[in-house]
Amino acid sequence: MGTDTIAEIITSIRNADMARKRVIRIASTNITENIVKILFQEGFIENVRKYREKNKYFLVVTLRHRRNRKKPYRKFFNLKRISRPSLRIYSYSQEIPRILGGTGIVILSTSRGIMTDREARLEGIGGEILCYIW
């Protein structure tokens, strides 16, 4: 039984956000690097660096958190896995959903690589909906 690397990324980021951890370590693959790069470009992540340990590559991700700790904790961002190995969800470019009226992002796997919903609409291509982030 194979592992779902995208679900592992989302779960580790979600758990670190709820535990208020700033730094997490993720196994590096092409998919994880592309998703983390999108999160960095969209401003959900402060810093990313890649390092090697015993012939394996890892990504060290620094999450962005709210600084005010006196108020009750609220999650900084929400992640939801949509397409999964047992049920793939595909969408045409015109049918890509808008999350919270366009304030959230959708990460898609297209024929031209992993990209956000805005980039896919501009290029006019659809693909597999990987996850929602808002």
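Predicted model: local features only at pLDDT ≥ 70, side-chain atom pairs only at ≥ 80, totals over all residues.

User: Which domains does the assignment give?

Analyst: The assignment for the protein chain gives domain 1 (1–65) and domain 2 (78–133), with bounds that come from an automatic or database domain assignment. Their C-alpha centres lie 19 Å apart, and the contact (heavy atoms within 4.5 Å) takes 13 residues from domain 1 and 13 residues from domain 2.

User: What area is buried between domain 1 and domain 2?

Analyst: About 1,100 Å² is buried between domain 1 and domain 2, and carbon and sulfur atoms give 76% of that; buried area here is the accessible area (1.4 Å probe) that two parts lose on being put together, summed over both. On the domain 1 side, I10, I38 and E42 lose the most area to domain 2, together 39% of what that side buries.

User: Ok, now the core. Which residues have the most contacts inside the largest one?

Analyst: They are I13, I35, V61, I107 and I133, in a nonpolar core of 24 residues. A nonpolar core is a set of buried Ala, Val, Leu, Ile, Met, Phe, Trp, Tyr and Cys residues joined through side-chain atoms within 4.5 Å, where buried means under 20% relative accessible area, exposed over 50%, and partly exposed in between (1.4 Å probe, protein chains only). The elements giving two or more residues to this core are α1, β1, α2, β3, β6 (105–110) and β8, and the largest share, five residues, comes from α1. Domain 1 (1–65) and domain 2 (78–133) both give residues to this core, so it lies between them.

User: How are those elements defined?

Analyst: Helices (H or I, at least four residues) and strands (E, at least two) are DSSP runs, numbered from the N terminus.

User: Which residues of α1 are buried?

Analyst: The buried residues of α1 are I6, I9, I10, I13, A16 and D17. Seen down the axis of α1, they fall within an arc of 135°, so they line one face of the helix; the arc is that of the directions from the helix axis to the C-beta atoms. These buried residues pack against β1 (23–27), α2 (30–42), β3 (56–63), β4 (79–81) and β8 (127–133).

User: And which residues of α2 are buried?

Analyst: In α2 the buried residues are T32, I35, V36, I38 and L39, and, viewed down the axis of α2, they fall within an arc of 155°, so they line one face of the helix. The face of α2 turned away from that buried side carries the exposed residues N30 and Q41.

User: Switching topic, where does K54 lie?

Analyst: K54 lies in the loop between β2 (45–53) and β3, and its phi is near 55°, a positive value in a residue other than glycine. Most residues other than glycine have a negative phi. K54 is exposed, with a relative accessible area of 78%.

User: What about L100, buried or exposed?

Analyst: L100 is exposed, with a relative accessible area of 57%. The loop between β5 (90–91) and β6 holds L100, whose phi, near 50°, is a positive value in a residue other than glycine.

Definitions and conventions: Residues numbered from 1 in each chain as written. Heavy atoms only, no water.
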